[in-house]
Amino acid sequence: MKKLHILTLSCALAAFCACSDEPVPQVQPEDPGQGQETTMGGEVPVSLDIPDKAGMNIKGVVYCGNTPIEGVVVSDGVTVAKTDAKGIYYLNSDKHTGSVFVSVPGGYKVPVDKVFPRHFRNFSAAADMPEQINFELEAAPADDYVVMLLADIHLAGRNQDEEHYQNWFLKDINPLIADYRAAGKDVYTITLGDQSWNTYWYATDIPAPFTLTEMLPYLEKINAPVFNTMGNHDNDPRESSDFVAEAFWRRYVGPTYYSFNIGKIHYVVLDNIVYDNPHPGTLGDEVYSFKIAAEQKAWLKADLAALGDKSTPVYVMLHCPVHSKPKLDKSNNVNVRYQMDDGKTLMDVFAGFSDVKVFSGHAHINWSVQDPNHAAIREYNVGSVCATWWWTGKNEYPGNHICRDGSVGGYRVLEIDGKSMVTYYKSIGYGRDFQFRAYDVNECRITAPKYCPVSNNAAIATEIEKLTGASGAINCDGSNWHKENKNNEVVLNVFAYDPRWKIEVLENNRRLTVTRENGYDPLHIISTMCYRLQNKGKITATFQPTLTSHLFRVKTSSPTSTLTIRVTDQNGRTYTETMTRPRALEPFMDKKSDINSGIPNIIVR
């Protein structure tokens, strides 16, 4: 393995990148090709006739129109280089990563192939053969724009996922993209891993195998550029080593890690799954670790060193959460630890940067925490596009769309203005203001006769008690949903709660005491587990409700009083609901009962 280094030689690049192994096509005369110069407009000419350099087997130029771009970072995932005053870069590469990519500088963007940014280019020559790879960029001067983060799409050709992806997700996100564009904003999307579901790449219980190549056309239906992050379910399940299991991704999607800039923000996309199948050649047991491989971590350090200015905001995209979800201890203090095996050492790489935000998926839930060792680092785990793997949309199920923590399936929106960010969670089928759900605990007893009428027997009742019991959790009284509770209490599930948020509940203009607790969401229980039991499905741990700490309880004086609920986020935006009671626990109990009727709304700043 070659030792990673930064070439002091300034190096060229902007993103032309092709997603195939075909060589870059010859440029037409009106768009200068190799060995030509352009002098249109009297500007400094761009020369694509680049001399060879001893010891360097990759060379190229990064330019925009007629102008070379200096100081652009280019990398093969091992060596990092910068373009010189002529926009030229050189790399010494063993080409084992398969491609070279440009870290698109602020003020520019790359062309897109359908919806996929052409920020990388697959090598077309053998390792011992030199080749020239040029990148032409386009000007993108705006610093205010929108990024939408899409976690865990999990398309697999099952659970009617293709139908719901198009009729729910696309009908939600594409109008929102159009609204932002009408307001003059550029819009980008970044996936957070598990776009596919590798269990079904070779499955025999679906009409046809559903691999990455079947998934990509669905991403093309999103009306904005799509940058991709790799997840554990995007590895080839028949391969043994991590690098080999990633080969399918590298061939059809692109690099497994890379960086780029939009405006004043530096984006880093990482692959924090090290895959290890102990039974290669079969589907085997999917075994993987949550960590960053050594070569990737060395590249990351070099990429950040090339960035230089530590006041530049750095937004990190990866699949598995770096931190554990927040949990309350006996004293109601939030307990946060590292979930990644090398989570602390990864976060230490960003020491000294003044603003680092980490965005992850994998868990199909929402939460936000501050790193315990770095005050400048905050992680947002993003609820999933597929909710609970599209299960609740299946024909025998209720037809709603709900994640394991009770959040509606959705995605996170980042509104960027210079170096500042306003962010919110967007529930699919609902407007921007739908940020919480209120439960009338008096009406929330979950029993087999009521929620599993077809399978009304003692065994089902026992399973419900297991699912809704405290399970040893602390401050988890709200999870005993199988027990009758007539204490006139209300529980709020604030989907994307952040410790900087404020929650207020008023009864007859009297402010009630709000207590945060660990617990399970009752709507997820009746929407997934009860239907699964009723249809004699197996209770799989993966699909069960997960303990969440974004539940909040208040005790009221009456079972029928009307409550005013106000939730204010860290940006000062307030979400309000007038809650009338009694309110039944049922699959469609939200403010909008038709998942396809929600109209996206935006606030233009």
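Helices (H or I, at least four residues) and strands (E, at least two) are DSSP runs, numbered from the N terminus. On that count, the protein chain has 9 helices and 38 strands. The model is predicted: local features need pLDDT of at least 70, side-chain atom pairs count only at pLDDT 80 or more, and totals for chains, interfaces and linings use all residues. Residues are numbered from 1 along each chain as its sequence is written, and side-chain values use heavy atoms, with hydrogens and water left out.

Start with confidence. pLDDT is the predictor's confidence in each residue, from 0 to 100. Its mean over the protein chain is 86. Of the residues, 84% reach 70 or more. Residues 470–478 have pLDDT below 50. Beyond near neighbours in sequence, this stretch has 20 contacts in the model, a contact being heavy atoms within 4.5 Å. Residues 592–605 stay under 50 as well. For them the model has 44 contacts beyond four places in sequence.

Now take the whole chain. It has 605 residues, and 60% of them are buried. Buried means under 20% relative accessible area (1.4 Å probe, protein chains only). Among contacts with a separation of 6 or more, 73% link residues 24 or more positions apart.

Next, look at strand 20, residues 265–269. Here 5 of 5 residues are buried. In a regular strand, side chains alternate between the two faces of the sheet. Ile265, Tyr267 and Val269 lie on one side of strand 20. His266 and Val268 lie on the other. Both faces are covered.

What does strand 20 pair with? Two strands pair if DSSP finds at least two bridges between them. Strand 19 (residues 258–262) pairs with strand 20 in the antiparallel sense, over 5 bridges. In this pairing, Tyr258 stands opposite Val269. The two strands form a hairpin with 2 residues between them, where Gly263 takes a positive phi near 60°. Strand 23 (residues 314–317) runs parallel to strand 20, joined by 4 bridges. There, Val268 has Val316 as its bridge partner.

Finally, find the largest pocket. On a 1 Å grid over the protein atoms alone, a pocket is an open set of points where a 1.4 Å probe fits, with protein on both sides within 12 Å along at least five of seven lines. The largest one has a volume of about 740 Å³, the space filled by probe spheres set on the points. Its lining has 35 residues, each with an atom within 4 Å of a point. His233, Tyr288, His362, Trp389 and Thr542 lie nearest its centre.

Notes:
Buried < 20%, exposed > 50% of the residue type's maximum accessible area, 1.4 Å probe, protein only.
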